[in-house]
Amino acid sequence: MAKATRVIIIEQAYLLAAGLEALVGELHGVYVEHVYHGSEPNLTEKVLGHKPDIIIVDPNSLGEQFFSIMKAFQNETDIKVVGLLSDNAPNPIKGRFSHQLNRNHCKFDLLEDLKKIIGNDLEKKPSHNQKLSNREIELLKQVCLGLTNQEIADKLFLSVHTVMTHRKNITKKLGIKTVSGLTVYALMNNLVDIREVENRG
Amino acid sequence: MLIEKDMNLADVLHHDHNLIPVINRFGIKLGFGDSTIEEICSDLNINLDFFLTITNTYHDPRYFANSHLKSFDVYLLVDYLKQTHKNYLNDRIPYIARLIKQLMEDTTEHKASMKLLENFYKEYVNELTRHIEREEKVVYPYVLKLEKAIDTAVFPDELTHQVKTYSITDYEKEHENVEEKLFDLKNIIIKYLPPTSNQNLCFSIIHELFILEKDLNEHARIEDTILVPKVESMEYVILNNKN
């Protein structure tokens with residue numbers, strides 16, 4: 001499964017925010033992480049703290065802070081900043097956004113626009129292989145036998161840092177976080193022998 | 001939906017039946033006809049504000065209990081949390097264990113995998129039990145001591161020392177590990193258990209695990225949003241009384 005796309009909304013008007021949330025909710029693999037009113041202190045840090053993929057901003061909600069906040073957002077090149085604008089939004093404001101949603105549009109058009117904005121993003125993602133590599137299987141066996149990261153590193157001639165990276169990837173691929181959970185997986189798939197596991201220290 | 005005292009409890013449960021174990025912990029059993037929450041609470045001697053705080057917090061993650069915070073005693077909350085633990089250990093956990101056992105007995109192939117599942121579940125239960133015991137032996141007695149000190153205005157040095165060395169804020173972090181095992185358990189059954197003929201039983205087990213998980217999350221949230229702030233304010237009072 002591709003990674004979910006996170007959206008942050010900055011919108012003061014309750015009905016508009018609710019509408020945006022409903023709109024985003026119709027798209028597959030996209031969700032609204034948080035809605036801000038726009039007047040919160042330290043808004044920029046709070047928003048960027050979520051590591052969003054997309055920020056939807058209503059310029060009216062930011063008031064005088066609009067330009068300074070937009071500047072901070074645009075420094076983050078990985079984030080798409082989408083303006084929620086009306087037909088008669090002034091050009092200096094329109095020009096700040098590389099992506100736009102028109103608040104006067106009907107639902108169908110809005111969904112198409114939003115899909116286009118997000119769509120580019122989905123295509124770029126590399127294909128996700130959920131199968132464990134041979135190296136990861138070898139490492140998983142050692143984890144199940146009760147070895148520490150240091151011991152595994154010594155045995156397989158790896159750095160501890162590499163061992164930790166492998167472990168993170170294994171957990172991500174399998175969806176299993178604990179050592180005992182990983183052991184159950186390995187045993188069910190005959191990657192390790194039950195007698196070896198029982199003998200572990 | 002905001003749950004209020006003049007509402008019919010039956011209507012509330014139609015809306016959110018996950019509240020049934022919650023009202024059980026207050027001693028309310030099904031079969032109360034058309035009584036309102038206020039009537040039921042007064043019949044059973046339940047603190048109404050406290051009941052509303054708990055049910056609302058459980059029902060709606062966005063609910064914040066500020067306005068009611070001060071109107072009930074901490075021992076009520078501790079009592080409720082202990083009842084919740086009892087419900088897990090005496091009812092929910094053994095029920096899931098029975099389902100898993102039945103799955104093992106019904107399966108002719110993959111016996112070894114089923115056994116692994118059963119052992120993993122046992123491990124999870126042990127960890128949860130240890131966590132619960134710690135709360136009941138360390139955290140709750142500490143909380144009750146704080147309340148007693150404030151009620152009687154007697155502040156033993158030993159208690160002040162404890163407040164300085166062990167703060168309730170540490171305790172918020174202690175929930176994580178148990179949650180991870182439950183997460184693994186669900187994934188093992190959904191993704192990795194060899195296919196069994198009795199899929200309905202698998203569904204029942206998964207369903208129970210999801211309900212348990214939700215309940216544990218709500219339990220943790222009640223602790224974090226009601227118990228912890230209340231205790232923090234008591235700790236503050238005690239430290240300031242000393243100085």
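A polar contact is taken here as a pair of N or O atoms within 3.5 Å, one able to donate a hydrogen and the other to accept it. In this predicted model, seven residue pairs are in polar contact across the interface of chain B and chain A, both residues of each pair being at pLDDT 80 or more. Helix H6 (111-152) and helix H8 (176-192) of chain B are the elements that give two or more residues to the side of chain B that touches chain A, and H8(B) gives the most, with eight residues.

In terms of residues, 15 from chain B are in contact with 13 from chain A. The size of an interface is often given as the accessible area lost when the parts come together. By that criterion, about 1,200 Å² is buried between chain B and chain A, and carbon and sulfur atoms give 69% of this area. Of the area that chain B buries against chain A, 46% is supplied by B:Leu116, B:Asp184 and B:Tyr192, which is more than any other three residues supply. For the complex, the predictor gives an ipTM of 0.78 and a pTM of 0.73.

Confidence within chain B was examined separately. The mean pLDDT of chain B is 88, with 92% of its residues reaching 70 or more. In chain B, the lowest confidence falls in helix H7 (residues 157-165), which has a mean of 83, whereas the highest is found in helix H3 (residues 37-44), at 97.

Side chains of opposite charge can pair when their charged atoms come close. Over all chains, the structure holds 13 salt bridges. In chain A, A:Arg103 forms a salt bridge with A:Asp58, with the closest N and O atoms 3.8 Å apart. This pair links distant parts of the chain, 45 residues apart, since A:Arg103 lies in the loop between strand E5 (99-102) and helix H6 (107-124) of chain A, while A:Asp58 lies in the loop between strand E3 (54-57) and helix H3 (59-62) of chain A. A:Arg103 is partly exposed, with a relative accessible area of 36%, whereas A:Asp58, at 3% relative accessibility, counts as buried.

In chain B, B:Lys181 takes part in salt bridges with B:Glu123, at 3.8 Å from N to O, and with B:Glu127, for which the closest N and O atoms are 2.8 Å apart. B:Lys181 lies in helix H8 of chain B and B:Glu127 in helix H6 of chain B, so this pair ties together parts that are 54 residues apart in sequence. The pair with B:Glu123 likewise links helix H8 and helix H6 of chain B, its two residues being 58 residues apart. B:Lys181 is buried, with a relative accessible area of 7%, and B:Glu127 is buried as well, whereas B:Glu123 counts as partly exposed at 36% relative accessibility. Elsewhere in chain B, salt bridges that share partners join B:Arg25, B:Arg92 and B:Asp215 into one network.

A further arginine of chain B, B:Arg221, is placed in helix H9 (residues 199-242). B:Arg221 counts as buried because its relative accessibility is 18%, which falls under the 20% limit for that class. The side chain of B:Arg221 makes a polar contact, at 2.3 Å, with the side chain of B:Glu218. When residues up to four places away in sequence are not counted, B:Arg221 touches B:Thr57, B:Tyr58, B:Asp60, B:Pro61 and B:Ile226.

In chain A, helix H7 (residues 134-144) contains the buried residues A:Glu136, A:Leu139, A:Leu140, A:Gln142, A:Val143 and A:Cys144. The buried residues of H7(A) pack against helix H8 (149-156), helix H9 (160-174), helix H10 (179-188) and helix H11 (194-198) of chain A. H7(A) is followed by A:Gly146, which has a positive phi, near 90°. As regards the cysteines, A:Cys144 counts as buried at 0% relative accessibility, whereas A:Cys106 counts as partly exposed at 42%. The count of disulfides over all chains comes to zero.

How values were computed: Residues numbered from 1 in each chain as written. Chains lettered and ligands numbered in written order. Heavy atoms only, no water. Helix = DSSP H or I, 4+ residues; strand = E, 2+ residues; numbered from the N terminus. Buried < 20%, exposed > 50% of the residue type's maximum accessible area, 1.4 Å probe, protein only. Contact = heavy atoms within 4.5 Å. Disulfide = S-S within 2.5 Å. pLDDT = per-residue confidence, 0-100. Buried area = accessible area lost by both parts, 1.4 Å probe. Salt bridge = Lys/Arg side-chain N within 4 Å of Asp/Glu carboxyl O.
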